Amino acid sequence: MSEQERTPESDGRDFADAAWSIPSYVLSGILVWGGLGWLLSRWTDVHAFIPIGVILGAVLGVYLVYLKYGR
């Protein structure tokens with residue numbers, strides 16, 4: 001979309017899209033990697049994999065947000 005075609009409505013939608021996608025990336029990272037940690041802890045009976053997966057998912061979600069919006 002060129003600068004001449006931009007309207008205030010589309011600028012608001014861009015902000016709203018970012019406002020919804022940023023927490024979605026972080027939350028989905030936590031859920032996916034936390035779920036993998038839960039599965040791994042069930043398989044190995046080592047309960048340390050759950051918090052490791054949750055923290056790793058949060059870090060990777062924030063990294064994806066940085067890649068998409070931070071540059």
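**Buried and exposed faces of the helices**

In helix α2, the residues Gly-53, Gly-57, Gly-61 and Val-65 are buried (under 20% relative accessible area, with exposed meaning over 50% and partly exposed in between; 1.4 Å probe, protein chains only). Viewed down the axis of α2, these buried residues fall within an arc of 105 degrees, so they line one face of the helix; the arc is that of the directions from the helix axis to the C-beta atoms. The face turned away from this buried side carries the exposed residues Ile-52, Ile-55 and Val-59. The model is predicted: local features need pLDDT of at least 70 and side-chain atom pairs count only at pLDDT 80 or more, while totals for chains, interfaces and linings use all residues. Residues are numbered from 1 along each chain as its sequence is written, and side-chain values use heavy atoms, with hydrogens and water left out.

Helices are DSSP runs (H or I, at least four residues), numbered from the N terminus. The end C-alpha atoms of α2 are 30 Å apart, which agrees with the 32 Å that its 22 residues should span at 1.5 Å a residue (1.5 Å times one less than the number of residues).

Helix α1 contains Gly-35, which counts as partly exposed because its relative accessibility is 26%. The C-alpha atom of Gly-35 is separated by 9.7 Å from that of Phe-49, 14 residues apart along the chain. Leu-39 also lies in α1 and, at 48% relative accessibility, counts as partly exposed.

Methods:
Helix = DSSP H or I, 4+ residues; strand = E, 2+ residues; numbered from the N terminus.
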